[in-house]
Amino acid sequence: MDLLLAAHIVKNGLLIGGIYGGVALGLSLIFGVMRIINFAHGSLLMVAMYLAWFLWKTLGLHPYVAAFITVPALFGLGYLIQSQIISHLFTREKALVVEPLSALLLTAGIFLVLDNLVLMIFGPDVRAVSVDIAYANFFIGEIPVNIPRFIAFVASIVVASGLSYWLKHSNMGRAIRATAQNRDAATMSGINVPFIYNVTFGLGVAILGLFGALLVPFFSITPTLGLSFGIKSFIVVVLGGIGSIWGCVVGGIVLGLFEAVASQFVTATSAAIFSFGLFIVILLVRPKGLMGKA
Amino acid sequence: MFGTATPLERGLIIIGFLCLLVLPFVITNPYHIHTATMIVYFAFMAASWNFVCGYLGQLSLGHSVFSGVAGYVTVLMFTQLGISPWIGMLFGGLLAAVLSVAIGSLTFRLKGPYFTLTTIAFAEIMRIWFENTDNFIGIPLKGSEGLVVPLVGDSWWAFQFNDKTPYYYIALGLLLMIVLATIMLEKSKLGYYLKAIRGDQDGAEALGINPTKYSLIALSISAFFTGIGGAFFAQFFRYINPERNMGIDMSIDMAIMAIIGGQGTVLGPILGAFILHPIAEITRTTLGGSFLGLHLVIYGTVLALTVLYFPQGIIVPLRRILARISGRAKK
Amino acid sequence: MKTRRSFLKATVATTMLLLCAPTMALADDGTVKIGLLLPLSGGSAAIGNQTKVGAQIAAAQINALGGRQLELVFSDSQSKPDIGVSETERLIQREEVSMIIGAYNSAVTFPSSEVAERYGVPWLVTGSVKNEITERNFSNVFRPNNKASYDAREQVDAIDLLSKQTGNRPTTIGLFYRGDDWGRSHAAAVKEIALERGYKIGLDEAYVPGQVDFSAQLLKIRSTKPDALIFVAGTADHILFNKQLLGNRIDLPFGLHSVGGGAEDPSFYEAVPQRGYEYMFTQEDWQIDRMQSGGLGKEITAGNVAFEEKMGYPFNSYGAQGFSNIYIAFDAITRAGSGDRSAIRDALAATNITEGPALITGYQSVTFDKNGQNVNAHGVISQNIKGERLTVWPQENRLDSTTPVWPIPSWSDR
């Protein structure tokens, strides 16, 4: 394999991997704090993408401008889902047996409802935003780098840094971390745990609002798009270590590079088999993930 | 026979079963028999899923792989070797059981959502592999094209009937089998062990129960039955392909029906199938595609509501109502 | 109660019958029910819906004539084989349709049409290309459109034709396809024919449907450098691929040859800028510049207007096929003289359509062989030239004004 090809592979792997990591951040945050695997994660990304597309289609908003609407909108949606639906589970858990799968099932129900509501509203047609920036490249040496993908890549690094800084240094961030470590102790020291949960879930979903807007310039949208991103995100989070913010970005990049390299030697279909295999192996051999604390 | 069932419940169950038994004499329209067969079939599949997942409290979303593999075995044994699907079905079920042990021994140490995600990953690996393999060591799998069972005509040996009624009774027989097996499970040591493992794995281990061993036994029985179901499906439609028979949709269907009905009970999964499948059927036939996806919105909503308000399934409030009725009757 | 009601019904029916007796001949000219099994939800729903609208327009035109009325009963297969079989049972048993048109997905058509065969209900295939559908010695299954093997042969034929006309011949052909039934069987067929005719296969690569990124595969295309690339994809994948192809500016000297699917879908052209599909070849069961070809019947032009009104874009392949199917069915029903299933079957078997709205798709005629395959079916291959899709193959369908671009200019020369 020549050097140029290798450089191309690394570039492709890094770009798509960064995007995988960014998309998975919210899943990891929510799991880290609330111990919930949000099965509807991919569907919420899909909703964000539809929203960005809708704003472009009706108001002509550039997706990057639409992000200023999709982020708060998705925060609101996440906050509502947590405070109106999932919170019931927590109030019940206090009294009754803890059923770790209930949350997964509940969010699976939300996934079915969201995917099919979008199908009912927007129909099955494939939608896409057509903006010129989608094809713009800059060059590193001879290697073209697609600008919107690069922006999404940078965004995931920025969001991850911002998020981990904020969790460490702000009051709210500290409260979130305290809740994640010990819910009961947090309650006793006066933290409003249900509120923290609402905010965390909202935040996790708001990140999807950002990526929804950043992805529409180059991805086309269908109501069923969520599941493939959702499954990718599960793999990323497990790879990186569940609940670890930086692990998530690293996990994404590892998966991206793995797929990029594997796809050069085998067909994409076999590469998909390998990435599921990698996922199983990591879970079995190192369940804490690459970056997780053992 | 029905554990803690009240006389009223027993009566209803027996009446229900008798109704199912005489159904083909009352309704003669093949379409209705076809639909009834599908309902009974899904009840069987949900009950097979429940056999391990319901009693162990582990959520598998990869069970379709067992039905798919066994379906392929049955069809291939028939088309390549000329072996009757009745025998192929057993082989398919056994292979599914072996496969489940291989998968289970790796994954059962994972719990909760981790287990669920690995079952999805295994099923997806198998599906993608089947879809992209035309020929495996001389066995014509025909990739995503799927396999067709050649038409032989009315023949018990070939598991093919011109009439729908025999299929219906076979499905009903399978359902009866899984119900009896589940009742036996509930009464057996295995059942107690599973419940102990579900409640507290470490505690069970301390009592000398080997959780992996008993989980695997239950899983292999469950996979066997699921495989039989897959073989039935392949014979009923005389067609099998990886997308439908190994895809995640089928696994989700099985799990949701069992969970909504009431996992970890004998009749819960059956109840789930008898409620949910008709919903899908009715929304599809009456709306005919004008409200795309409506039945899945209903599924999702019912699932969410069940998890929130009846975590043990809707069989629980139902039994409570029945208990109240019979209590009142006694007074 | 039940018996009394049915007795009442019988009485009423008999009375009606007696009253209507003198006009029986006319009553026989009444409504015929046609079932349409289509993927109205799920992955192929957009296509199912286009077929549905095309069929509705044709039926409305026929019904407006005031003669025999057609009643269309639509049912949703969800692209699932088992649902398709269940719905076929329902259409036959409960809706009591005289014939069925369906079902786009080969995986649905294959087992469902067999149910129809068993009940002796005629089945007109729409959109499904799996070869074996019309290789089973069935007497009730008829397919006006292409088989998969025709599709594959035509793509290579077109390359041959263009090479012969210009003297420029590609040496290597790449295959990039969806890793499913359709993509894999198409690629295998193209490979066989291309090798037979002396082309080299430069790339043979499947992808997972719904893949979120094609960077790795584009890199393979960049490094294997096929002269022409055969591409099989649904709409979403097609859009993503063309966008990334444009972004990466990868040169394919003898073009991208799409076998339709995504490239037949109007949403593709909305999503991808013109530069992204310029010079692309598209194979489909419909002549895209049909409306410019002149000499069209008023049904077709009116149908096109109605279709555009409803959908926002003019006829496309699936809309036209739905439209054509209804006219083929109507032709058979008229000759059968009633809604009787076996009469319609016999009439379909004797079909010989050489003109009229049924030929909207661009076929020169429709006649079925003993397996029910329209032997005169052919696809039409168009090239995108300056934002217009112009037929380049077959020569008989190419407009005089069309000059194919072959080989195509490299990115740096555009």
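User: Hi! What should I know about the model and its numbering before we start?
Analyst: The model is predicted, so local features need pLDDT of at least 70 and side-chain atom pairs count only at pLDDT 80 or more, while totals for chains, interfaces and linings use all residues. Residues are numbered from 1 along each chain as its sequence is written, chains are lettered from A and ligands numbered from 1 in the order in which they are written, and side-chain values use heavy atoms, with hydrogens and water left out.

User: Great. At what angle do α1 and α5 of chain A pack?
Analyst: Helix α1 (residues 3-34) and helix α5 (residues 147-169) of chain A pack at about 35 degrees, and their axes are 8 Å apart. Helices (H or I, at least four residues) and strands (E, at least two) are DSSP runs, numbered from the N terminus. The axes are lines fitted to C-alpha atoms, for helices over the stretch in contact, and angles run from 0 to 180 degrees between N-to-C directions.

User: Is that crossing left-handed or right-handed?
Analyst: α1(A) passes α5(A) in a left-handed crossing. Left-handed means that the near helix is turned anticlockwise from the far one by less than a right angle, and right-handed that it is turned clockwise.

User: Which residues meet there?
Analyst: On the α1(A) side they include A:Leu14, A:Gly18, A:Gly22 and A:Leu29. Among their partners in α5(A) are A:Phe150, A:Phe153, A:Ala160 and A:Leu167. Contact here means heavy atoms within 4.5 Å.

User: Switching topic: how many salt bridges are there over all chains?
Analyst: A search of the whole structure finds 29. Each is a side-chain nitrogen of Lys or Arg within 4 Å of a carboxyl oxygen of Asp or Glu.

User: What does A:Lys57 pair with?
Analyst: A:Lys57 forms a salt bridge with C:Glu270, with the closest N and O atoms 3.5 Å apart. A:Lys57 is in helix α2 (residues 41-59) of chain A and C:Glu270 in helix α10 (residues 266-271) of chain C, so the pair joins two chains.

User: Are those two buried or exposed?
Analyst: A:Lys57 is partly exposed at 45% relative accessible area, and C:Glu270 is exposed at 52%. Buried means under 20% relative accessible area, exposed over 50%, and partly exposed in between (1.4 Å probe, protein chains only).

User: And what about B:Asp134?
Analyst: B:Asp134 forms a salt bridge with C:Arg184, and the closest N and O atoms are 2.4 Å apart. This pair crosses between chains, from the loop between α5 (112-131) and β1 (135-136) of chain B to helix α7 (residues 181-196) of chain C. B:Asp134 is partly exposed at 46%, whereas C:Arg184 is buried at 15%.

User: Which residue of chain B does C:Lys130 bridge to?
Analyst: C:Lys130 bridges to B:Glu145, with the closest N and O atoms 3.4 Å apart. The pair runs from the loop between β4 (123-126) and β5 (141-142) of chain C to the loop between β2 (139-140) and β3 (147-148) of chain B. C:Lys130 is buried at 8% relative accessible area, and B:Glu145 is buried at 16%.

User: Nice. What does A:Val113 touch?
Analyst: Leaving aside neighbours within four places in sequence, A:Val113 is in contact with B:Val297, B:Gly300 and B:Thr301. A:Val113 sits in helix α4 (residues 100-122) of chain A and is buried at 18%.

User: Now the backbone: where are the cis peptide bonds?
Analyst: One joins C:Gly102 and C:Ala103, with omega about -5 degrees, and C:Ala103 lies in strand β3 (residues 99-103) of chain C. Another joins C:Trp406 and C:Pro407, where omega is also about -5 degrees.

User: Which non-glycine residues have a positive phi?
Analyst: C:Asn137 has a phi of about 60 degrees, and C:Tyr279 has a phi of about 70 degrees. C:Asn137 lies in the loop between β4 and β5 of chain C and is exposed at 60%. C:Tyr279 is in the loop between α11 (274-277) and β10 (281-284) of chain C and is buried at 14%.
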